[in-house]
Amino acid sequence: MNDATRYLVGGVNSPVRAFRAVRAPAIMAAKGHGSWLIDVRGWRFIDLVMGWGALILGHQPVCVNRALSVQLRRGVCFGLTHEAEGELARLINEAVPSIKKVRFTPSGTEACMTAIRLARAHTRRTKVLKFEGCYHGHSDGMLGKQSAGVPTSIAAETLVAPFNDLTALEEIITRFGDQLACVIIEPIPANMGVIIPDPEWLRRLRVLTIKCGAVLIFDEVVTGFRVAYGGAQTLLRIMPDLTTLGKIIGGGLPIGAVGGSRRLMRRLAPTGDVYHAGTFAGHPLAMAAGIATLKELARANVYQRLEAVGASVAEGLQRAANRAGVALQVNRVGSMMTAYFCEEPVRCFEDARRAHAARFRALANGLRQRGVLLPPSPFEAWFLSVAHTPAMMQRMVQHSADILRKLN
Ligand SMILES: *Cc1c(COP(=O)(O)O)cnc(C)c1O
């Protein structure tokens, strides 16, 4: 029994860290360096959790450490506007096509909450449509029936449709279109594991939301600056009305952001009537780490390198599974991927849920014993960083091949 297990609820501050889905003891992190995570026992792991995607440059990149130490000497908290907020907002504006104005929050949860509030004010409607398996933080409305303590009146305002399903989407918009304030979606989901969106379906969603007058919110908390510098909307060439960001834009520090057109964004206080505030919104350390990260990502070849390492891991795993006679579906976009143990392609949450849980556990636990840390749940994305070298990922693939061979 340590202090964490004694004094924290379930020994954690966020449930997936308890490793329950793989029925293993939680990892107690001590240190991170590059692509490595070192636990309190001194064991080293190739880290594929990477701060749940926040650390695209790896642990402790020099540029971020340097920016943080400069900011430490200036002060960590002002409660006033400071220059770095404007600079990070400008970098985001220049990168993400649909974003003209930005509001920072201390978390992705708050960014999504604020975007939805803005959409409700703009449309004077209340209902929100989300998609099964997508995660938009832990606000009441976004958890709905998945959590106790959410009033049924609030859960009733959230409609849920299956991802990648055109018939279901058209039906729900025909029926509820004139009551919809917004549709919120992970354009490339990472929170039921990685799912590849059908581009035609997403384009149809854009058209239908314009037709029914609902605000389209792309939740790019994971995909922003991950799948491309300008996020999934750049990759897919679809413009949402509002975008939420988080994770990478804080370089590993707590952050979130809402962005969109001037017309929509100016509804926020103090220029508009939609309230949002935060003691730690635009936090100087998060701004400093975010600016350093984005500047590094803007350099040549970063995304090509991430793509190349990602592709070699995905292909290596698929080949190893085929050789072992194990059914495996590897979904990947750039440096994020998930391998599902099932026969059929995985295109929605229902498909993901059909995957073989015991096989995932065997892979995750086997890899951990061999020094590779997968996210401890089958419904999570595995994240690579620029610090993950082809050689070390080759080792990861070989370890996976050993484990897959013993599965049958
Ligand atoms: C992580 C995440 C959030 C929530 O962000 P927090 O900073 O954890 O509150 C929202 N949406 C998506 C897509 C996420 O992956």
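**Ground rules.** I number residues from 1 along each chain as its sequence is written, and I keep in mind that the model is predicted, so that local features need pLDDT of at least 70, side-chain atom pairs count only at pLDDT 80 or more, and totals for chains, interfaces and linings use all residues. Side-chain values use heavy atoms, with hydrogens and water left out.

**Entry one, the sheet.** I looked up an open sheet of three strands and found the order E11-E12-E14 with antiparallel pairing; helices (H or I, at least four residues) and strands (E, at least two) are DSSP runs numbered from the N terminus, and two strands pair if DSSP finds at least two bridges between them. The edge strands, each pairing on one side only, are E11 (329-333) and E14 (382-383). Between E11 and E12 (residues 336-340) I noted five bridges in the antiparallel sense, and for Val330 the bridge partner in E12 is Ala339. As background, strands of a sheet pair through backbone hydrogen bonds, either parallel or antiparallel. I then followed helix H12 (residues 302-324), which lies across E11, E12 and E14 and runs at about 175° to E11, where axes are lines fitted to C-alpha atoms, for helices over the stretch in contact, and angles run from 0 to 180 degrees between N-to-C directions.

**Entry two, the cores.** A nonpolar core is a set of buried Ala, Val, Leu, Ile, Met, Phe, Trp, Tyr and Cys residues joined through side-chain atoms within 4.5 Å, and buried means under 20% relative accessible area, exposed over 50%, and partly exposed in between (1.4 Å probe, protein chains only). The largest such core has 44 residues, and among the members that touch the most others I marked Phe131, Leu205 and Met336. Helix H8 (residues 199-212) gives this core its largest share, five residues. A second, separate core of 40 residues includes Leu37, Phe341, Leu384 and Met393. Returning to Phe131, I listed its contacts (heavy atoms within 4.5 Å) beyond four places in sequence, including Val160, Phe163, Ile185, Trp201 and Leu205.

I found that the structure holds 14 salt bridges, each a side-chain nitrogen of Lys or Arg within 4 Å of a carboxyl oxygen of Asp or Glu. In one of them, Glu170 meets Arg204 with the closest N and O atoms 3.1 Å apart; this pair links distant parts of the chain, as Glu170 is in helix H7 (residues 166-176) and Arg204 in helix H8, 34 residues apart. Glu170 is partly exposed at 29% relative accessibility, and Arg204 is partly exposed at 27%. In another, Asp273 and Arg267 bring their closest N and O atoms to 2.8 Å; Asp273 is exposed, with a relative accessible area of 58%, whereas Arg267 is partly exposed at 26%. Arg299 and Glu296 also meet in a salt bridge (3.9 Å, N to O), and salt bridges that share partners join Glu132, Glu350 and Arg353 into one network.

**Entry four, Ser377.** Is Ser377 buried or exposed? I found that Ser377 counts as buried because its relative accessible area is 8%, and I placed it in the loop between strand E13 (372-373) and E14. A polar atom of the Ser377 side chain lies 3.0 Å from the backbone nitrogen of Phe379. Leaving aside neighbours within four places in sequence, Ser377 is in contact with Val16, Ala21 and Phe360.

Notes. A polar contact is a pair of N or O atoms within 3.5 Å; within protein, one must be able to donate a hydrogen and the other to accept it, and residues adjacent in sequence count only if both atoms are side-chain atoms.
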